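The tour below tells you what to select at each stop.

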Amino acid sequence: MIVDLLKGKWLGHPLHPILVHMPMALWPAALAFDLLSLAGIGGNFMVRTSFFAIGAGLAVALLAVPTGIVDWSGIKPEKPAWKIGLWHMVLNAVVLILFAINFVLRLGTYRESVSISVAPLTLSIVGTLVLFVSAYLGGRMVYAYGINVARLSKGKWRKIAEAANANVAPEK
């Protein structure tokens, strides 16, 4: 029951890719807001916006974690996508930790600061770069190995996936 919920069976679509787009957008946006505040544009508005973007990204990422673990657990360990998924998960854990520390560092200052300080800015830069590498690996799992495409590729879904040139598993 819970596994089916986390896999998104109730939607007819994997849940993990729906959720990961929020932190994937919000955390790089937070970096952009940090850079704007550093450039003297927007003042405290940019500092606050970055803070809330990081917080919202953390909240959604915490929902995405169990969905990703459930999806990854369905990959056979001998498949190349399993190792890629492991790296994807480890890098995402690093990103989550970096942005959690980033968020905590800002807690006392986001209401009045007009520019971001060095430590949170550095965490935003490093976190975003690691996030991009992890996102590449996640995309590689889907586009090169058909992860979660094959699961939904039964019957009509298989025809849709094949029409889109997805890498689907051969029929047995």
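The stops run from the whole chain to single side chains.

**Before you start.** This is a predicted model, in which local features need pLDDT of at least 70 and side-chain atom pairs count only at pLDDT 80 or more, while totals for chains, interfaces and linings use all residues. Numbering starts from 1 along each chain as its sequence is written, and side-chain values use heavy atoms, with hydrogens and water left out.

**Stop 1: the whole chain.** Show it as a cartoon. The protein chain has 6 helices and 0 strands. From the N terminus the order is α-α-α-α-α-α. Helices (H or I, at least four residues) and strands (E, at least two) are DSSP runs, numbered from the N terminus. Of 172 residues, 39% are buried. Buried means under 20% relative accessible area, exposed over 50%, and partly exposed in between (1.4 Å probe, protein chains only).

Now switch to a surface. The accessible surface is about 9,900 Å², and 73% of that belongs to carbon and sulfur atoms. Areas come from the Shrake-Rupley method with a 1.4 Å probe; for residues, only the protein chains shown count as cover. Among contacts with a separation of 6 or more, 71% join residues 24 or more positions apart. A contact means heavy atoms within 4.5 Å.

**Stop 2: D34 and R106.** Select both. The structure holds 1 salt bridge, and D34 forms it with R106, the closest N and O atoms being 2.7 Å apart. D34 sits in helix α2 (residues 16-38) and R106 in helix α4 (residues 80-106), so this pair links parts of the chain 72 residues apart. The term needs a side-chain nitrogen of Lys or Arg within 4 Å of a carboxyl oxygen of Asp or Glu. Both D34 and R106 are buried.

**Stop 3: H16.** Stay in helix α2 and pick H16. Is this residue buried or exposed? H16 counts as buried, at 16% relative accessibility. Its side chain reaches the backbone oxygen of A64 at 3.2 Å. A polar contact of 3.0 Å joins the side chains of H16 and T67. Such a contact is a pair of N or O atoms within 3.5 Å; within protein, one must be able to donate a hydrogen and the other to accept it, and residues adjacent in sequence count only if both atoms are side-chain atoms. Leaving out residues up to four places away in sequence, H16 touches A64, T67, G68, D71 and H88.

**Stop 4: the aromatic cluster.** Select F51, F52, F103 and Y110, which form one aromatic cluster. The whole structure has 6 aromatic pairs. Rings of Phe, Tyr and Trp (its six-membered ring) pair if their centres lie within 6.5 Å; planes under 30 degrees apart count as stacked, over 60 as edge-to-face and the rest as tilted.

Look at F51 and Y110. They are stacked, 3.8 Å centre to centre with 5° between the planes. F51 lies in helix α3 (residues 44-73) and Y110 in the loop between α4 and α5 (118-145), so the pair ties together parts 59 residues apart in sequence.

Next, F52 and Y110. Their centres are 5.5 Å apart and their planes are at 85°, so this pair is edge-to-face. Y110 is buried at 8% relative accessible area, and F52 is partly exposed at 46%.

**Stop 5: a surface patch.** Finish on L5, W10, L11 and I18. They form a nonpolar patch with about 410 Å² of accessible area together. Patches are made of residues with over 30% relative accessible area and no salt bridge: like charges are joined within 9 Å, nonpolar side chains (Val, Leu, Ile, Met, Phe, Trp, Tyr) within 5 Å. I18 belongs to helix α2 and is partly exposed, at 41% relative accessibility.
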